[in-house]
Amino acid sequence: KLESGIYTVVSSKRENSALYTYKAWVERVVDGDTQFVKIDLGFSTVLEQYLRLREIDSPEISTSEGKKAKAFVEKCLKTAPYILLTSSRSDKYDRYLSDVFVPLQGVKASSGRPSAPEALVKYDGEEYLYLNNELLLRGLAKRMTA
């Protein structure tokens with residue numbers, strides 16, 4: 001902030017959990033738990049990256065269940081203008097392990113209401129579908145075990 005020619009620091013009033021929250025655009029859905037996205041890192045910097053949904057595992061794409069999971073994710077993301085993702089590390093295949101949040105208005109337009117309130121979160125006053133949890137609630141993925 002510039003006041004009388006002097007820069008000052010102004011608190012964003014955001015929680016620490018928002019520090020690794022990014023806006024992204026899905027380029028393609030690889031399978032039920034992996035997407036290829038363009039991530040806005042700020043300062044006109046965009047990174048293309050594979051995302052792996054954190055702590056869930058959808059069936060392999062070669063199975064009918066895997067095809068169903070991928071189709072559901074594609075349907076959810078079809079009309080989404082963007083996604084929000086949180087991530088703090090990558091996996092052994094260099095995919096960022098992420099929680100993915102889809103603006104609810106885009107989801108309603110393409111795939112109807114979420115299956116349960118547990119799949120909804122609010123961020124900056126807007127409602128989002130928590131994709132990781134929605135896949136679990138619909139039985140399209142399982143929670144990963146260590």
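Predicted model: local features only at pLDDT ≥ 70, side-chain atom pairs only at ≥ 80, totals over all residues.
A residue is taken as buried under 20% relative accessible area, as exposed over 50%, and as partly exposed in between. Phe-36, at 17%, is buried.

The rings of Phe-36 and Tyr-50 are tilted, with 4.7 Å from centre to centre and 55 degrees between the planes. Phe-36 belongs to strand S4 (residues 34-42) and Tyr-50 to strand S5, so the pair ties together parts that are 14 residues apart in sequence. Phe-101 and Tyr-130 also form an aromatic pair; this one is stacked, with a centre-to-centre distance of 4.9 Å and an angle of 25 degrees between the planes. Phe-101 lies in strand S8 (residues 96-103) and Tyr-130 in strand S10 (residues 126-130), and the pair links distant parts of the chain, 29 residues apart. Both Phe-101 and Tyr-130 are buried. A further ring, that of Tyr-82, has Lys-23 over its face, at 4.5 Å from the ring centre.

Strand S5 spans residues 45-53 and includes Leu-53. Leu-53 is buried, because its relative accessibility is 0%. Beyond its neighbours within four places in sequence, Leu-53 contacts Gly-32, Asp-33, Gln-35, Ser-98, Val-100, Leu-131, Asn-132 and Leu-135. Between Leu-53 and Ser-98, which are 45 residues apart along the chain, the C-alpha separation is 5.0 Å.

Eight salt bridges are found in the whole structure. One of them joins the side chains of Arg-52 and Asp-33, at 3.4 Å from N to O. This pair links distant parts of the chain, 19 residues apart, with Arg-52 in strand S5 and Asp-33 in the loop between strand S3 (21-31) and S4. Arg-52 is buried at 10% relative accessibility, and Asp-33 is buried at 2%. Arg-52 also forms a salt bridge with Asp-57, where the closest N and O atoms are 3.3 Å apart. Asp-57 has a relative accessible area of 36% and is therefore partly exposed.

Another salt bridge is formed by Glu-55 and Arg-54, with 3.0 Å between the closest N and O atoms. Glu-55 is partly exposed at 42% relative accessibility, as is Arg-54 with a relative accessible area of 31%. Through shared partners, salt bridges join Asp-33, Arg-52 and Asp-57 into one network.

Notes. Residues numbered from 1 in each chain as written. Heavy atoms only, no water. Helix = DSSP H or I, 4+ residues; strand = E, 2+ residues; numbered from the N terminus. Buried < 20%, exposed > 50% of the residue type's maximum accessible area, 1.4 Å probe, protein only. Contact = heavy atoms within 4.5 Å. Phe/Tyr/Trp six-rings, centres within 6.5 Å; stacked < 30°, edge-to-face > 60°. Lys NZ or Arg CZ within 6 Å of the ring centre and 35° of its normal. Salt bridge = Lys/Arg side-chain N within 4 Å of Asp/Glu carboxyl O.
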